[in-house]
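Take a look at the structure below.

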Amino acid sequence: MNSGVWEEVGCAKLWNEWCRTVDTTHLSPTEAFCVFYHLKSNPSVVLCQCSCYVAEDQQYQWLEKVFGSCPRKNMQVTILTCRHVTDYKTSESTSSLHTPFLKALKTQNFREPPCCSLLEQPNIVHDLPAAVLSYCQVWKISAILYLCYTDVMKLDLITVEAFKPVLSSRSLRSLVKNIPQSTEILKKLMTTNEIQSNIYT
Amino acid sequence: MFVPCGDSVPDLAGCTLLMPAVSVGNVGQLAIDLIISTLNMCKIGYFYTDCLVPMVGNNPYATAEENSTELSINAEVYASPSKKLVALQLRSIFIKYKSKSFCEKLLSWVKRSNCAKVVVLSSSHSYHRNDLQLRSTPFRYLLTPPMQKSVQNKIQSLNWEEMEKSPCIPEIDDSEFCVRIPGGGITKKLYDEGCSKEIPMVILLKFVSEGDNIPDALGLVEYLNEWLQIIKPCCDDPSASALPWKMPSSWRLLFGSGLPPALF
């Protein structure tokens, strides 16, 4: 989003028990939401930033609202998500894996080569990313899910950098400027978060 | 709703639909996995629904690099046209309060597709057995009225035991008796809907406990095979080992990843 001019075009509001209220003066829960932006220079490119947990009994309705009015033909969907490495099943111990690492799952209609290896059996994906990918598979939409397995519980530079290969993919590279400088740009974006999380101040 | 993989809707008229109930030990689902894997059934469509928790993964029946990259979702339909068999596999649990809706949608689809019969593979908690059940075979069957006439003789020749009725409310002495399937998930709902909608349906279940339920799944498919003869023994030698059921590649690591060496 740092590379272009994005305009907010809508949001999907929902509430569930996982939503944390940001308003501490009013104790009733506020509505959490997913915000949609489109690129001003090319409005057919839409980005969704989902900062809330979409519960399992809300996922189907979320999909119908978001995708229901989109034309399915020629649509391409890219999903980026993270999981803790302990979710990853492998014959070796997960403590011996080099984290973070990227894995992909794609629908039948996705023709490009993925930026990383595919998620091996018997690993599976749940929650909203799985709901979106299922929808795309059933309705024959080209879609790919990039899943980063990490060993940290909060945002950190190393985990975000694991997504760098995705920025060079055919569908996303035209949206991203200054890929060589991306580490510096990410550091600046991350600094605000780190100051806030310093428990000693 | 059923969404075909290809452009046309496959003709399921006269087919036998095999499906699992998500039940104790996931025995029904493991059994369906065995059937799909052994018969090398091909995917013909998805049962796209808001009633099941979404999940995705790569092809659970992959045998080689080439066929390992096909995406699978939580409810898929497979077919073996030569055997007139169709299998519905369910891979996740029901969303709260949606199981009845699922049964209704499923059985409406079954009726519209003109399937000859539905076979539900399920299980029930073994600790709920009464003294008689403890001493007998762990397998049970149930038939809806439309099935009773057509298969009763065959079932009797196999010496199968029908699921017994038990007190609806065990705490009350003169409680009425009804069929109860504790741990059976939607099995009872499917059976009741099957009876009221006059759907030819057979329930086959095994009394099991949670644990390594692969042997239970093998037992259940062998029980089904006694009747439907899905696969035949590879040779006539009666002392030969059991039928060649093929375990799918997705059954790897059922109990988690490898252990850290430092643990020892």
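A disulfide is a pair of cysteine sulfur atoms within 2.5 Å. By this rule, one disulfide is counted over all chains. The model is a predicted one.

## Cysteines

Which two residues form the disulfide? They are B:Cys168 and B:Cys178, with sulfur atoms 2.4 Å apart. The pair links distant parts of the chain, 10 residues apart. B:Cys168 sits in the loop between strand E10 (165-167) and strand E11 (177-179) of chain B. B:Cys178 lies in strand E11 of chain B. A disulfide is a covalent bond between the sulfur atoms of two cysteines.

Now turn to chain A.

| Cysteine | Relative accessibility | Class |
|---|---|---|
| B:Cys168 | 31% | partly exposed |
| A:Cys82 | 32% | partly exposed |
| A:Cys136 | 0% | buried |

A:Cys136 counts as buried because its relative accessibility is 0%, and buried means under 20%.

## Chain A

Chain A has five helices and seven strands. Along the sequence, these elements follow the pattern β-β-β-α-β-β-β-α-β-α-α-α. The chain has 201 residues, and 40% of them count as buried. Take the contacts in chain A with a separation of 6 or more: residues 24 or more positions apart account for 67% of them.

How confident is the predictor? Chain A averages a pLDDT of 77, and 74% of the residues score at least 70. Where in chain A is confidence highest, and where is it lowest? E6(A) has the highest value, at 94. Helix H5 (residues 182-196) of chain A has the lowest, at a mean of 49. Over residues 191-201 of chain A, pLDDT stays under 50. For that stretch, the model has two contacts beyond four places in sequence. Where pLDDT is low, the predicted coordinates should not be read in detail.

Start with the cavity. A search of the whole structure finds one cavity of 30 Å³ or more. The largest cavity has a volume of about 120 Å³. Its lining has 14 residues, and the closest to its centre are B:Tyr48, B:Thr49, B:Leu52, B:Pro54 and B:Asn74. Two elements give two or more residues to this lining: helix H1 (56-67) and helix H2 (127-138) of chain A. H1(A) supplies the largest share, four residues. By class, the lining of the largest cavity has eight nonpolar, four polar and two charged residues.

The lining of the second largest pocket divides into 18 nonpolar, 14 polar and nine charged residues.

Is A:Ser41 buried or exposed? A:Ser41 counts as exposed, at 65% relative accessibility. Its place is the loop between strand E2 (32-39) and strand E3 (42-50) of chain A. A:Ser41 and A:Trp6 are 35 residues apart in sequence, and their C-alpha atoms are 8.6 Å apart in space.

A:Lys154 is found in the loop between E7 and helix H3 (157-161) of chain A. At 56% relative accessibility, A:Lys154 counts as exposed. A:Lys154 and A:Lys140 are 14 residues apart along the chain, with 34 Å between their C-alpha atoms.

B:Ala62 is in the loop between E4 and strand E5 (71-72) of chain B. Which residues does B:Ala62 touch, leaving out those up to four places away in sequence? They are B:Asn67, B:Ser68 and B:Ser249. B:Ala62 counts as buried, at 14% relative accessibility. The C-alpha atoms of B:Ala62 and B:Pro145 are separated by 39 Å, and the two residues are 83 residues apart along the chain.

Definitions and conventions
Residues numbered from 1 in each chain as written. Chains lettered and ligands numbered in written order. Predicted model: local features only at pLDDT ≥ 70, side-chain atom pairs only at ≥ 80, totals over all residues. Heavy atoms only, no water. Buried < 20%, exposed > 50% of the residue type's maximum accessible area, 1.4 Å probe, protein only. Nonpolar A, V, L, I, M, F, W, Y, C, P; charged D, E, K, R; others polar. pLDDT = per-residue confidence, 0-100. Contact = heavy atoms within 4.5 Å. 1 Å grid on protein atoms, 1.4 Å probe; cavity = no way out; pocket = protein on both sides within 12 Å on 5 of 7 lines; lining within 4 Å. Points joined across faces, edges and corners; volume = space filled by probe spheres on them.
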